[in-house]
Amino acid sequence: MRVKSTVLLLLLSLLVVLSACQPYQTIAEGEQRVYEWRMVTHQIPGTARYEGTIREFAKAVEEISNGRLIIEPFGADILFPTNESFDMVKNGVVEIAAVYTGFWTGKDPVFALGGGTIPGDPINGFEEHFYRSDQLKPIIDEAYEKHGIQNLGAFDYAPEEVLISRVPIRSIEDFRGKNIRAAGVASLYYSKLGASAISLSAPEIYTGLQLGTVEAAEFNDYLVNGEMGLDEVTKYVIEPALHVGPSTDKELIVNPNAWEELPEDLKAALYVARDKIRYESAIAYGVENQKAKQEWMENPDIEFIQLPEEDVEKMREEAFELLNNYKTKSEASKEYVEEYAKVLADLGYLEEAKILGYED
């Protein structure tokens, strides 16, 4: 039996509690130390995924802590290249980051799967996604801990990403030979389809498509991609985009020394602010992304291509074969795939769970 309705009820209940607490109950005032942190992310300032989550998180933390914890946010590649964020947090150059785990798959293969960025994923909607995130969090926590980083878990909700292209891709065969911007496990997935995965940071995607450095790209949803102007350099949208379903494209990670210095009430403030942003973004993105998709569909310069069903089936088979192979890459990735299979079974996706080795 699916737990979708139960999870949704729990999430909505939390939203009601948070709403009823406006303005938020803050930490008692007094002559106490003020902590000042810097925060980095791979999101671009000016987009909804930055303004609506990163900035709002910083504001919520300051308000909930009564000004005792101040977070200064920085967007993609401003302080340093995004893919250096892992080491910068670990070494204390910055105290906190909200970044996609796929940027550091070289640290441990399990990071390619973190956040639910799983090819062929059948999970649908934010309530199922957050159930999965919470169930798999201990595995990601341990992986970060081994590298000297404190993980605070899934930061936000990302609707299904979009595969955009400057050339037509009408079948599984058309992926062969294409250069596709991708990160994390999506890079391996496109390689299995015969494409070449190219690493580009968020600010580089527009130019990459414009100049033909890449012929296609996967990044965010319709809303954020439109805010980045990617609809201007897109001629085709390829559906379905099986490289990832609903996901958390940002995990909240903290320097362990900075974390230990915080009083317990400020640690709690970070979790409360995280949950506030997490659930508010889930609701907002679901609506705004659908509006944005309609605008893309009405754009006469963009063609939506629906891949043939038989090709979609083959692509799902490739995706789950890739996931099963992850069982051999590290102990953490093996545990992650096995636990993910249990989550799929919990949510009613029994056929997919069995492909990944789940047994009743």
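Reply: Strand S5 (residues 163-165) and strand S8 (residues 216-218) pair over three bridges, in the antiparallel sense. Strands are DSSP runs (E, at least two residues), helices are H or I runs of at least four, and both are numbered from the N terminus; two strands pair if DSSP finds at least two bridges between them. This is a predicted model, where local features need pLDDT of at least 70, side-chain atom pairs count only at pLDDT 80 or more, and totals for chains, interfaces and linings use all residues. Residues are numbered from 1 along each chain as its sequence is written, and side-chain values use heavy atoms, with hydrogens and water left out.

Me: Which residue in S8 stands opposite Leu163?
Reply: S5 and S8 run antiparallel. The residue opposite Leu163 is Glu218.

Me: In which sense do S9 and S11 pair, parallel or antiparallel?
Reply: S5 and S9 are joined by three bridges and run antiparallel. Ser165 stands opposite Tyr236 in S9, and Tyr236 stands opposite Glu303 in S11. Over four bridges, the S9 and S11 pairing is parallel.

Me: Are Tyr236, Val237, Ile238 and Glu239 of S9 buried or exposed?
Reply: Buried means under 20% relative accessible area, exposed over 50%, and partly exposed in between (1.4 Å probe, protein chains only). Tyr236 and Ile238 point one way, Val237 and Glu239 the other. All are buried.

Me: How many cavities of 30 Å³ or more are there?
Reply: On a 1 Å grid over the protein atoms alone, a cavity is a set of points where a 1.4 Å probe fits but cannot get out, and lining residues have an atom within 4 Å of a point. Grid points are joined across faces, edges and corners, and volume is the space filled by probe spheres set on them. The count is three.

Me: Which residues lie closest to the centre of the largest cavity?
Reply: This cavity holds about 160 Å³ of space. Of its 15 lining residues, the closest to the centre are Tyr100, Glu161, Arg181, Glu218 and Phe219.

Me: Which element gives the most to the lining of the second largest cavity?
Reply: That cavity holds about 100 Å³ and is lined by 14 residues. Helix H4 (126-146) and strand S4 (150-154) each supply at least two. With six residues, the top contributor is H4.

Methods:
On a 1 Å grid over the protein atoms alone, a cavity is a set of points where a 1.4 Å probe fits but cannot get out, and a pocket is an open set with protein on both sides within 12 Å along at least five of seven lines; lining residues have an atom within 4 Å of a point.
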